Amino acid sequence: MERVGGNFVAPGQQRYLRACMVCSIVMTQTRFRQEGCPNCEEFLHLKGDPEAIETCTSQVFEGLITLANPARSWVAKWQRLDNYVQGVYATKVSGTLPEEVKTVLEEEYRITYIPRDGSAVETE
């Protein structure tokens, strides 16, 4: 079956969808294993690591947003997705990152982790 634009999910494969807990991109578990997260691979290292995929992505998510041009989309800005690659994103992702991953994000990469489950309120 042909993959349209790299984001096609075959019928019956939806149960294998997962969302990244950092950026909320939605892909199949196989794609995370083969390619890693297109936004977060530098620090999550999901490619080829089933354990990292299990702990840093979630099968439980709500709502889907398809972004063709994240830099110009007001929805992308509202969801904090405007600096990410085009693709399909969840509006909410259940679960939180393990403490050791949060520590690496914040101390080594200077990234403030904001959970995508709606539990944290941003202050601007």
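Okay, let's start with helix α5: the face turned away from its buried side carries the exposed residues E99, E100, E107 and E108. By exposed I mean over 50% relative accessible area, by buried under 20%, and by partly exposed anything in between, using a 1.4 Å probe and protein chains only. Helices here are DSSP runs of H or I with at least four residues, strands are runs of E with at least two, and both are numbered from the N terminus.

A quick word on where this comes from. This is a predicted model, where local features need pLDDT of at least 70 and side-chain atom pairs count only at pLDDT 80 or more, while totals for chains, interfaces and linings use all residues. Residues are numbered from 1 along each chain as its sequence is written, and side-chain values use heavy atoms, with hydrogens and water left out.

Back to α5. Which residues of this helix are buried? They are V101, K102 and L105. They sit on the same side of α5, because they cover an arc of only 100° around the axis; that arc is taken from the directions from the helix axis to the C-beta atoms. And what covers them? Part of the cover for the buried residues of α5 comes from α2 and α3.

Leaving aside neighbours within four places in sequence, V101 is in contact with L44 and C56, where contact means heavy atoms within 4.5 Å.

Now, salt bridges. I'm using the term for a side-chain nitrogen of Lys or Arg within 4 Å of a carboxyl oxygen of Asp or Glu. How many does the structure hold? There are 2. One joins the side chains of E99 and K102, at 3.2 Å from N to O. Both of those residues lie in α5, 3 residues apart, which is about one turn of the helix. E99 is exposed, because its relative accessibility is 52%, and K102 is buried, because its value is 17%.

The other pair is R31 and E35, whose side chains also meet at 3.2 Å, N to O. They are both in helix α1, residues 29–35, and are 4 residues apart, again about one turn. R31 is buried, since its relative accessible area is 16%, whereas E35 is partly exposed, since it comes in at 36%.

Let's zoom out. The chain has 5 helices and 5 strands, and from the N terminus on they run β-β-α-α-α-β-β-α-β-α. Buried residues make up 37% of the 124 residues in the chain. If you take contacts between residues at least 6 apart in sequence, 53% of them join residues at least 24 apart.

What about the inside? The largest nonpolar core has 29 residues, and those with the most contacts inside it are C20, V22 and L44. A nonpolar core here is a set of buried Ala, Val, Leu, Ile, Met, Phe, Trp, Tyr and Cys residues joined through side-chain atoms within 4.5 Å. The elements giving two or more residues to this core are β1 (17–20), β2 (26–28), α2, α3, β4 (61–67), β5 (87–93) and α5. Beyond four places in sequence, V22 touches C40, F43, L44, Y84, L97, L105, Y113 and R116.

Next, S58, in strand β3, residues 57–58. Buried or exposed? S58 is buried, because its relative accessible area is 6%. A polar atom of the S58 side chain lies 2.9 Å from the backbone oxygen of S94. Not counting residues up to four places away in sequence, S58 touches L17, R18, A19, M21, V93 and S94.

Last stop: two residues with positive phi. H45 has a phi near 50°, and it isn't a glycine. You'll find H45 in the loop between α2 (41–44) and α3 (50–56), and it is partly exposed, because its relative accessible area is 46%. The other is R110, with phi near 55°. It takes us back to where we began, as R110 is in the segment after α5 (99–108). R110 is exposed, because its relative accessible area is 67%.

Methods. Polar contact = N/O pair within 3.5 Å; in protein donor to acceptor, adjacent residues only side chain to side chain.
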